[in-house]
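Reader: Please show me how to read the features of this model, one at a time.

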Protein chains: 4
Amino acid sequence: MIRLNNDYCYGAHERVLKAIADINGKAYPGYGLDECCQAASEAIKSACKTPEADIHFLTGGTQTNLTVISSALRPYQSALCASTGHINVHETGAIENCGFKVVGLSSIDGKITAAQVDEAAEEYENSDIPEHITEPKLVYISFPTELGTLYSKKELTEISLACKKHNLYLYIDGARLSYGLAGENNDVSIEDIASLSDVFFIGGTKCGLLFGEAVVITNPQLKPFFRHYVKQKGAMLAKGWLLGIQFYEMFKDGLYFETGKNAVNLALRLKEAFRKKGIQLSADSPTNQQFVIMKDSDLEKLSKNYVYEYNRRIDQSNSEVRFCTSWATKDEEIEKLIKDIEEL
Amino acid sequence: MIRLNNDYCYGAHERVLKAIADINGKAYPGYGLDECCQAASEAIKSACKTPEADIHFLTGGTQTNLTVISSALRPYQSALCASTGHINVHETGAIENCGFKVVGLSSIDGKITAAQVDEAAEEYENSDIPEHITEPKLVYISFPTELGTLYSKKELTEISLACKKHNLYLYIDGARLSYGLAGENNDVSIEDIASLSDVFFIGGTKCGLLFGEAVVITNPQLKPFFRHYVKQKGAMLAKGWLLGIQFYEMFKDGLYFETGKNAVNLALRLKEAFRKKGIQLSADSPTNQQFVIMKDSDLEKLSKNYVYEYNRRIDQSNSEVRFCTSWATKDEEIEKLIKDIEEL
Amino acid sequence: MIRLNNDYCYGAHERVLKAIADINGKAYPGYGLDECCQAASEAIKSACKTPEADIHFLTGGTQTNLTVISSALRPYQSALCASTGHINVHETGAIENCGFKVVGLSSIDGKITAAQVDEAAEEYENSDIPEHITEPKLVYISFPTELGTLYSKKELTEISLACKKHNLYLYIDGARLSYGLAGENNDVSIEDIASLSDVFFIGGTKCGLLFGEAVVITNPQLKPFFRHYVKQKGAMLAKGWLLGIQFYEMFKDGLYFETGKNAVNLALRLKEAFRKKGIQLSADSPTNQQFVIMKDSDLEKLSKNYVYEYNRRIDQSNSEVRFCTSWATKDEEIEKLIKDIEEL
Amino acid sequence: MIRLNNDYCYGAHERVLKAIADINGKAYPGYGLDECCQAASEAIKSACKTPEADIHFLTGGTQTNLTVISSALRPYQSALCASTGHINVHETGAIENCGFKVVGLSSIDGKITAAQVDEAAEEYENSDIPEHITEPKLVYISFPTELGTLYSKKELTEISLACKKHNLYLYIDGARLSYGLAGENNDVSIEDIASLSDVFFIGGTKCGLLFGEAVVITNPQLKPFFRHYVKQKGAMLAKGWLLGIQFYEMFKDGLYFETGKNAVNLALRLKEAFRKKGIQLSADSPTNQQFVIMKDSDLEKLSKNYVYEYNRRIDQSNSEVRFCTSWATKDEEIEKLIKDIEEL
């Protein structure tokens, strides 16, 4: 059985696992105040070219989103995102549970535009009774988005400028950052992500770590007391060095970027196979997630050897599903699948 | 200057004010545990034909909404409402601040349908990963809606049945209930409101009281500990009898319904005048709020003698505004306005 | 039956009620943006000698406490108060429900000391792991306290200096402020209250209004967006002028201070009668609340003509109760009670 | 340098680490719905003799506490604990941030009594105005406590009975459970913990795992929707099998209990050495944490070779510190320390 249903079904890249094992007998200070976290921070700041950034290591994506947003907003402020944004639809109302309104902006490809940010901000700014509505204060976007799509550097720059213009924070969820950076025709670098946002996170869980997300805070306003939020939200790992050592291994020589490339290359070959076969892509994704609409009968055939993620029923005989590659996907797995698609 | 911008710009109906003055020298137990609240409860239960209901008196609409919804939901549950619903757009994120997601359903006339409730509930029920999304547990509707429109008895019954089918609470915001019940062609009675919902509130602030909303809880599951929520949310008026005496005065002989009728009659005459003049109604409202799209030049003329509420710009020379009658509006005020409209 | 169980069992001072009635036929802008609130603000600022203060009018004490504290604190910060403080024991966990820890400091007379503030602040400042504990950021005290006691000007100044030294806000709950200012041997003026605190509120509900508390914000850091919090917490009265007109009536010529004096004079006469009779005072209160420990048999006798508040059982035959005067208490009521005490 | 400052300064027991490595190449379903979690659940249920229990695996202690308590309480309810309880003093107000009051009961040895539970519950039950105070609904205790002390089976049974009598949940924080069960003269078994509580957690982070706590829910009322809370609080690990495999390794043959014994034996030898030397124990701990009051000059000597945790200054020349053994502590480390203590 070949698992392509998501990018978090395998443990860790072998180098990452080895790094953990190598320091298992060593004692460290707790709560992320150790030399592994320090080294990982330096490696990340170097990759991002943000020597002044604050780096924090958390365990998972929802946890990171709720911690970052709680630290950035005051209760009367709200977060803007695509209606399909992860915080809006797949986190059990975590942000609202922290007291903040999430405003979903309409989107067809998982992306929002600078114009939408402008509009939402101006609606508030122009209101006669601002105290009756929430103040949009943070824009949440994902790179790549939940549909696998990417913002161009131009789009990202425009959103960043719109945020600056209206005094909003731009927060980028990079749960799949390695796959985004490796995306086909992508012109956005990790330095761009860092310089255009106020805070973002580098995904580890889906990108080769056992677990872990690295928060990069560049806006000085967002730095103070962040560790208080981390602790209060139950997000401070006692043995923080486990996060540090994994990220250090990934960033010390660029392994993070390598693993992303392999996964995306495999996904694009798969995409090409779907195209050739005339199977409809429901999103034009240049990254590791490929969403297709297929006949149920074809899906049944594939399901004997492959695990995909079922998304939704399209009509009586067609469904939308996701095939997802990852750092762990092997060439031969995709080759076999391509052959099987050709033979459908 | 004739104020028609809203229905809460005057004090109280003279009978209500007199009732307060009449008992000013009398001492009462605090926090709503007094004979005025008791008498008002009885009068309301009698009007609603719900002898088993629990009645609570609160001070304002946002306060009532956040208290009722906080008491009805657990943190992983969400409230469904029209995208235009008051809790979604005009309460500064009060419900989210209490920890709950508000899901706005698309709506053009301020109303939602039973089919939308079904769809939202079924999306949750059919989810493979329900723990990743919120459970829709409460439907919030307004009668009348924020656009002045009304649900028919058939529509309301269907929504009520959809709620029962999916085990959701139906909560009706009756901030303008007196005007809804008096609406043109309305076939919904206060008894219908009571029997079709699990909890609703009878608006006082906009319907002739100095302030006050009466919560009517018919579903036994929602009754326990409600006073704890009221106190915790800062919504328990020390001198609760002030609320009781006002509602008693309004319900002891049907004054509440009378005042609604007068206001709606005046609004409908105004509506007819707009129609005759060819002024576009932006919502077909059978109640006390009339939304029209007018030339800015005409609005400027009217603004010399009338206060209306400015809603939004339609285009370079037209705007949407609201004219609102109330229990306090006088015949001669509307007659004068009608004449002025005719002469535009 | 003479009600002395609390200071909120009667409606409003006749002048206050008349003021409301006088403007009942007049229309006003909503939400506190009216000329009555404006006039009341000016009168209060003049009394407090704080021309730069922001004044907001809310409905009740718990509501005011939770709104002020929510606006002042960030989630990782806590409020310090006496263990007997109203927010700690009589508001159903309202502050915690807003997300903030309340730290109760030990107290026997309802008061805390500057030394206690220092100690709590220094514990945090000296912590090696501050992110594991909450940052004390606000000191809540009541003037008078829940036991009727008062801070001297020296004590208040010391607490204020301790707060400044450690960068904490000092918030004074003045639910019974008129009785505190009129307290026996009190050397604290309303100007002192205003200048020594960062924010405080002037109680109306217990001091002659139908309802209402006036928040006075002097610290500029606490001013921005306060109306957003008021709205979000459901604390913004639609007909805000009802609050404004009441406070204006009380402050335009010093009625607020007069009513306090009468109540305290009566309470002190009652206290003297208890003393003469050898009845134990359980707190040495110079204000309108008198706590005494009496034989149950004596209480039974008094209960025929008087309502007092039962606090707690002391032993098999003695109980602690509260007798409370107010702006509404009449000379002859206290004279009668004194006679009855003498005859016990 | 020998680290004895805490019990979470080393990675994982070698068998635990090997178990993770062994399955690194295997793919699993996400979010704890995998066979490793299943096997671990069965092993834990077997050890606890609770075939009907629900088991959930979370990442850390604060996270577990806030998730369990959020799922158990409604907003008007509170949690009782020792004033020294971890949720009261070392979690940055996490429980309050979830909206719940924590009531700290006075304690000198980190323990509370059934009588204290009775008293707090009865104060609420007997209140005339219960809606003005929070309802105590959950008792939080730690086994061992934060001071290393243990409840006897009799004490635990009495607290459990008091909870049942007053309809409170008993929740036991077992962050150091392995050390508690191995405590000197301990007569409480893991089956007792399971049968006397409504919910408890088995600590992993401090007891030989890389990270992880296993929540055991025995009370059926607490089972529904628990996964919703876990997800909403950001506590659902994507690769849940990492938790499952670690707990399985620990429970499949009793390794969890073995590691606890070793640590406690070493701690007791250390305790004996302190006693012999006349060094004051500030808590009489039968478990792996030993709190002592030592001369600063002696501490300075020890600090050259040992890391201990500094707790607080006692006087000018004495301090309280903690020495902590763990599953990772080696015999020779303690032997060396004992020798050095003897030579002080």
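Reader: How much space lies in the largest cavity?

Author: A cavity is a set of points, on a 1 Å grid over the protein atoms alone, where a 1.4 Å probe fits but cannot get out; lining residues have an atom within 4 Å of a point. A volume is the space filled by probe spheres set on the points, which are joined across faces, edges and corners. Here the largest cavity holds about 850 Å³. It is lined by 49 residues, and closest to its centre are Asn97(A), Asn97(B), Cys98(B), Asn97(C) and Asn97(D). This is a predicted model: local features need pLDDT of at least 70, side-chain atom pairs count only at pLDDT 80 or more, and totals for chains, interfaces and linings use all residues. Residues are numbered from 1 along each chain as its sequence is written, chains are lettered from A in the order in which they are written, and side-chain values use heavy atoms, without hydrogens and water.

Reader: What is the volume of the second largest cavity?

Author: The second largest cavity has about 350 Å³. Its lining has 28 residues, with Gly60(B), Gly61(B), Thr62(B), His86(B) and Lys206(B) nearest its centre.

Reader: Which rotation superposes chain D on chain A?

Author: Two copies of a chain are related by a rotation about an axis and a shift along it. Copies are superposed by least squares on the C-alpha atoms of residues with pLDDT of at least 70 in both. For chain D on chain A, the rotation is 180° with 0.0 Å of shift along its axis (RMSD 0.0 Å). The two copies are thus related as by a two-fold rotation axis.

Notes. 1 Å grid on protein atoms, 1.4 Å probe; cavity = no way out; pocket = protein on both sides within 12 Å on 5 of 7 lines; lining within 4 Å.
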